[in-house]
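Trainee: I am new to this structure and would like to go through it with you. Could we begin once it is on the screen?

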Amino acid sequence: QLQLVESGGGLVQPGGSLRLSCAASGSTLDYYTIGWFRQAPGKEREGVSCISSSGGRTNYADSVKGRFTISRDNTKNTVYLQMNSLKPEDTAIYYCAAVELLLSFSLCNSPRQYAYWGQGTQVTVSS
């Protein structure tokens, strides 16, 4: 059974950076598409970014394009989300999720596509 654990969240000032990690155990991530999602209080969970199993394709929400970068190291069974130029509106709980079979990569930012989820890590952007 695949298990995911996020880390790297915290409190950061506007304009700062954080790198989130999503570490997998119980199975190799080699064949999984991985997505990062976030959920702010009172809001629905939204897709932030996703990466194909090979790492060859990525996708970003418009709100984070140019600021966030997703990457993966399958040798470490870990996926990363580098977040730069953080804004207060980036404040949320960030989750990583995995899916083995995605019908279309265009669906990779849809939470409903994912079977496995981590417990989340809090990111707070505030001065």
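**A walk through the model**

Mentor: Let us start with T33, which is found in strand β4. Please keep in mind that this is a predicted model.

Trainee: Is T33 buried or exposed?

Mentor: T33 is buried, because its relative accessible area is 9%, and the cut-off for buried is under 20%.

Trainee: Which residues is T33 in contact with, leaving aside its neighbours within four places in sequence?

Mentor: Its contacts include I51, S52 and S53, as well as R72. A97, A98 and V99 also touch T33, and so do L102, F105, C108 and Y114.

Trainee: Now the core. How many residues does the largest nonpolar core have?

Mentor: The largest nonpolar core has 29 residues, and those with the most contacts inside it are W36, L81, M83 and Y94.

Trainee: Which strands each supply at least two residues of this core?

Mentor: They are β3 (18-25), β4 (33-39), β5 (46-51), β7 (68-73), β8 (78-83), β9 (92-99) and β11 (121-125).

Trainee: And what does L81 touch?

Mentor: Not counting residues up to four places away in sequence, L81 touches L18, R19, L20, W36, V48, S49, F68, T69, I70 and Y94. Two of these, W36 and Y94, are named with L81 among the residues with the most contacts inside the core. Another core, of eight residues, lies apart from the largest one, and F37, C50, V99 and Y114 are among its members.

Trainee: Let us change topic. How many aromatic pairs does the structure hold?

Mentor: It holds five aromatic pairs. One of them is formed by Y32 and Y116, which are edge-to-face, at 6.0 Å centre to centre and with 80° between the planes.

Trainee: Where do Y32 and Y116 sit?

Mentor: Y32 is in the loop between β3 and β4, whereas Y116 is in strand β10 (residues 116-117). This pair links distant parts of the chain, 84 residues apart. Y32 is buried, with a relative accessible area of 6%, while Y116 counts as partly exposed at 23%.

Trainee: What about Y95 and W117?

Mentor: Their ring centres are 6.4 Å apart and their planes stand at 75°, so the pair is edge-to-face. Y95 lies in strand β9 and W117 in strand β10, so parts that are 22 residues apart in sequence are tied together. Y95 is buried at a relative accessible area of 11%, and W117 is partly exposed at 28%. Ring pairs also link F37, Y95, Y114 and W117 into a cluster.

Trainee: One last topic. What volume does the largest pocket have?

Mentor: Its volume is about 160 Å³. Of the 14 residues that line it, the closest to its centre are R38, A40, K43, E46 and E89.

Trainee: How do the residues of that lining divide?

Mentor: Eight are charged, three are polar and three are nonpolar.

Technical notes: Residues numbered from 1 in each chain as written. Predicted model: local features only at pLDDT ≥ 70, side-chain atom pairs only at ≥ 80, totals over all residues. Heavy atoms only, no water. 1 Å grid on protein atoms, 1.4 Å probe; cavity = no way out; pocket = protein on both sides within 12 Å on 5 of 7 lines; lining within 4 Å. Points joined across faces, edges and corners; volume = space filled by probe spheres on them. Nonpolar A, V, L, I, M, F, W, Y, C, P; charged D, E, K, R; others polar. Core = buried A, V, L, I, M, F, W, Y, C linked by side-chain atoms within 4.5 Å. Buried < 20%, exposed > 50% of the residue type's maximum accessible area, 1.4 Å probe, protein only. Helix = DSSP H or I, 4+ residues; strand = E, 2+ residues; numbered from the N terminus. Contact = heavy atoms within 4.5 Å. Phe/Tyr/Trp six-rings, centres within 6.5 Å; stacked < 30°, edge-to-face > 60°.
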